[in-house]
Amino acid sequence: MTEAVHPQTGQGAKKAWWPWAKRILTGVFFILVIWLLVTQARAVEWGEVRESITAYKTSTLALAVLLAAASHLLFSSFDLLGRIYTQHGLSKLKVLLVASISYVFTLNLGALVGGVGFRYRLYTRLGLDKGVITRVYALSVITNWLGYFVLGGAAFLFAPIDVPDGWKVGSTALQVLGAALLAIAAVYFCLCAFAKKRTYTIRKQELTLPSFRLAATQCVISVVNWSVMASIIYLLLQQKIEFTAVLTVLLMSAVAGVLTHVPAGLGVLEAVFIAMLGDRMPASALLAALLAYRAIYYLIPLVIGTVAYAVTEARAKKMKQAG
């Protein structure tokens, strides 16, 4: 049996089932998003969040919100580096919009949904090729963890914190880990600066090493972003614990959150902070600060990001035509 041929293009006609399959997959995607949002909302103790926030001065909360907005903007700018790296034609504003929405859902629902799912969905709707999206996403991930390796390596090596008894990782092991993280970051910088072979194929995707200048920019932006995140918690803790300790524990909790695969790190962030810093201030005060942090950094942006996503989906075709 021969395949039907389009009379003008001469190409095989699309199978009749594909448009319907595409609609079904799109519907499933939206249902999944709604289900994840409802699950996330039910997991939050809203009464405790409200009480912890109302206990703070307005000026403190305002500054925390500004720092959170700065951090989200910094993280979204990772995709601007991806724009430079891939030389794609989307405007800076559209890139920031897609990246900010993706980051919000990454924080709350995990990298698979936010970092991958939303990025591919929105960038594809705006006309980017999947190969380009993959390179943008890869550079964003590298940027985030490059700053982590540099900042975490320095913190673990030069400002180690006492680890609770019974933990498998002691202070000495933490210092060794810090040295290893700095070494990995140094290797990346050396490759970007001196490697003769610039392009590698990973899972049928070609990835090219960025220039040393771009790598340095990646590091600076990521380090600043992680530092701003720690500053928010430091502020909400009323500066009663030194900043270096807050930063170190935040970095440790980030890895714990990734390893446990819990959306938004629910319970992980709080557990690590209370375990590591519970001897420096009451657990109730720590928990109140962390609940306020979660509301300001995770939940409020999630509401804004959900609205922005709905608007972007509705206007995707017009935005694509605008370039």
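**A friendly note on this predicted model**

1. Let's start with Arg-119. Leaving aside residues up to four places away in sequence, Arg-119 touches Asp-79, Ser-102, Gly-114, Thr-124, Ile-133, Tyr-137 and Ser-140. Please keep in mind as you read on that this is a predicted model.

2. Where does Arg-119 sit? Look in helix α6, which covers residues 112-125. Is Arg-119 buried or exposed? Its relative accessibility is 3%, so Arg-119 counts as buried, the cut-off for buried being under 20%.

3. Next, turn to helix α11, residues 268-277. How many of its 10 residues are buried? The count is seven, and the helix is mostly covered. The buried residues in α11 are Val-268, Leu-269, Glu-270, Val-272, Phe-273, Met-276 and Leu-277.

4. Now for the surface. Val-187, Leu-191, Tyr-200 and Ile-202 make a nonpolar surface patch of about 330 Å². Two elements, α8 (171-194) and β1 (199-202), each give two or more residues to this nonpolar patch.

5. Ile-202, one of the patch residues, lies in strand β1. Why does Ile-202 count as partly exposed? Its relative accessibility is 48%, and partly exposed applies because this value falls between the cut-offs of under 20% for buried and over 50% for exposed. Compare that with Arg-119 in α6, which counts as buried at 3%.

Methods
Residues numbered from 1 in each chain as written. Predicted model: local features only at pLDDT ≥ 70, side-chain atom pairs only at ≥ 80, totals over all residues. Heavy atoms only, no water. Buried < 20%, exposed > 50% of the residue type's maximum accessible area, 1.4 Å probe, protein only. Helix = DSSP H or I, 4+ residues; strand = E, 2+ residues; numbered from the N terminus. Contact = heavy atoms within 4.5 Å. Patch = residues over 30% accessible without salt bridge, like charges linked within 9 Å, V, L, I, M, F, W, Y side chains within 5 Å. Areas by Shrake-Rupley, 256 points an atom, 1.4 Å probe, with all protein chains shown as cover. Salt bridge = Lys/Arg side-chain N within 4 Å of Asp/Glu carboxyl O.
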